[in-house]
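Subject: Structure for you to look at

Hello,

Here is the structure I promised to pass on. Please open it first, then read my notes beside it.

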Amino acid sequence: MTKICCVCQRVENGSHWKEEYEFAENERVTHGYCPLCFDVIMAELMESRDDLSAEARVVPSSGQDSSQQTLCA
Ligand SMILES: [Zn+2]
């Protein structure tokens, strides 16, 4: 099956990704990400994961604060 990048529409051709590609008549295609767009997607995922872990870090630290207050009291 021929893989097409669903972001930039380049077509995988061996180890190369071509912007211009002539499809054969009965060519079966599948959509995915070319290495360039995959890197972009992964970078965005890592960024959003950093946001999530930053939010997650707030919750336990506020929990520690309340337990410290309990110890002090
Ligand atoms: Zn792409």
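Below is what I found, starting with the whole chain and then going residue by residue.

Two points on how to read it. This is a predicted model, so local features need pLDDT of at least 70, side-chain atom pairs count only at pLDDT 80 or more, and totals for chains, interfaces and linings use all residues. Residues are numbered from 1 along each chain as its sequence is written.

**The whole protein**

Helices (H or I, at least four residues) and strands (E, at least two) are DSSP runs, numbered from the N terminus. From that end, the order is β-β-β-β-α.

How much of the protein is buried? Buried residues make up 4% of the 73 residues. A residue is buried if 20 or more other C-beta atoms lie within 10 Å of its own, exposed if 12 or fewer, and partly exposed in between; the C-beta atoms are placed from the backbone.

Now the contacts. Two residues are in contact if their C-beta atoms, placed from the backbone, lie within 7 Å. Take the contacts between residues at least 6 apart in sequence: 59% of them join residues at least 24 apart.

**The loop between β1 and β2**

Gln9 sits in the loop between β1 (2-5) and β2 (11-13). Its phi is near 70 degrees, a positive value in a residue other than glycine. Gln9 counts as partly exposed because it has 13 C-beta neighbours inside 10 Å.

**Strand β4**

Thr30 lies in strand β4, residues 29-32. Is Thr30 buried or exposed? Thr30 is exposed, because 10 other C-beta atoms lie within 10 Å. Leaving out residues up to four places away in sequence, Thr30 touches Met1 and Lys3. Thr30 and Val11 are 19 residues apart in sequence, and their C-alpha atoms are 9.8 Å apart in space.

**Helix α1**

Pro35 is in helix α1. Pro35 is exposed, because it has 12 other C-beta atoms within 10 Å.

Phe38 counts as partly exposed, because it has 13 C-beta neighbours inside 10 Å. Phe38 and Cys5 are 33 residues apart in sequence and 9.2 Å apart, C-alpha to C-alpha.

Best wishes
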